[in-house]
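Subject: Structure handover

Hi,

Here is the structure for your files. My notes follow below it.

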Amino acid sequence: MATARLNETEIYYVKVGQGLPCLVMHGGLGMDHTYLHPWLDPLEDQLQLIYYDHRGNGRSDRPPAETLNHEQFSKDADALRYRLGYSRVAVIGHSYGGFIALEYALRYPKKISHLILLNTAPAYNYGAEIRANLNRKNPSPEILNAFRSSTPSEASELERLFHTVLPLYFHRFNPKLAHRLFADVIWSTSAAARNQHLLPSYNVIADLKEIEIPTLILVGRDDFVCPPSQADLLHQHISGSELVIFEQSGHFPYVEEPEAFFLSVRSWLKRVS
């Protein structure tokens with residue numbers, strides 16, 4: 001566990017493993033790296049996993065809200081790469097972390113060796129599909145109300161709302177597993193609010209053709225918020241990319257189908273390396 005002062009902000013990170021250096025970008029915004037660490041640690045024999053909290057999130061500093069933007073997130077990622085002494089890094093981006101990973105790949109293409117996009121999307125312009133997926137899950141009124149709630153001002157309320165809607169994000173919801181997955185998260189309401197500000201303008205579809213980095217795209221068949229249609233869109237527009245769909249998973253295939261997940265990542269890394 002360590003911090004690095006990057007672009008006038010303290011960024012918290014954890015290094016695990018001895019393999020190919022790999023930045024791990026968490027989703028949210030408003031969450032942190034702990035729902036990915038130690039869950040992705042089985043890859044440590046092939047990757048040196050560098051989990052970190054984006055500025056304004058988790059254990060990193062809380063700079064002015066306007067500095068939480070995709071350009072700055074990309075600058076922070078590249079500054080961390082440079083600080084750690086790597087000429088290039090692999091990148092894993094989950095959910096909103098995949099948005100940042102794509103922005104980073106487009107802004108700093110020569111600094112990335114491998115790109116793994118996990119349950120993410122190239123834009124956030126498919127609200128009708130999300131609503132249809134939501135209705136298909138037939139949520140309770142409590143879950144539906146929590147999903148539609150605005151970002152609260154208290155971290156405890158953000159956590160409560162998140163755990164209320166969490167069943168939506170799984171193919172088969174296991175409360176004990178879900179609790180363990182998010183037990184150590186430090187919640188940030190300011191980052192979560194910023195998330196809502198950034199989403200409407202996020203769209204990199206037209207630029208995906210510029211990505212020439214070896215790319216693996218992973219998605220759960222039952223992911224209602226970053227569905228297979230968006231993974232397929234990424235696959236269509238990123239030349240040479242590979243797509244894997246996990247049939248018994250939602251938004252977190254690395255815990256719902258871990259054997260299939262890790263086999264897919266390991267096999268791909270061996271092929272492209």
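How many bridges join strand β1 to strand β2, and do they run parallel or antiparallel? Five, and the strands run antiparallel. β1 covers residues 2–6 and β2 residues 9–16.

Some ground rules. This is a predicted model: local features need pLDDT of at least 70, side-chain atom pairs count only at pLDDT 80 or more, and totals for chains, interfaces and linings use all residues. Residues are numbered from 1 along each chain as its sequence is written, and side-chain values use heavy atoms, without hydrogens and water.

Strands pair if DSSP finds at least two bridges between them. Helices (H or I, at least four residues) and strands (E, at least two) are DSSP runs, numbered from the N terminus.

Back to the hairpin. Thr 3 has Tyr 12 in β2 as its bridge partner. Two residues lie between the strands, and Asn 7 takes a positive phi near 50°.

Next, β7 (residues 215–220) and β8 (residues 242–246). They run parallel, joined by five bridges. Leu 216 partners Glu 242 in β8. The chain gets from β7 to β8 through helix α8 (residues 228–237), in a right-handed β-α-β crossover. Right-handed means that, with the strands pointing away from the viewer, the path from the first strand over the helix to the second runs clockwise.

Last, the cysteines. The whole structure has zero disulfides (cysteine sulfur pairs within 2.5 Å).

Best wishes
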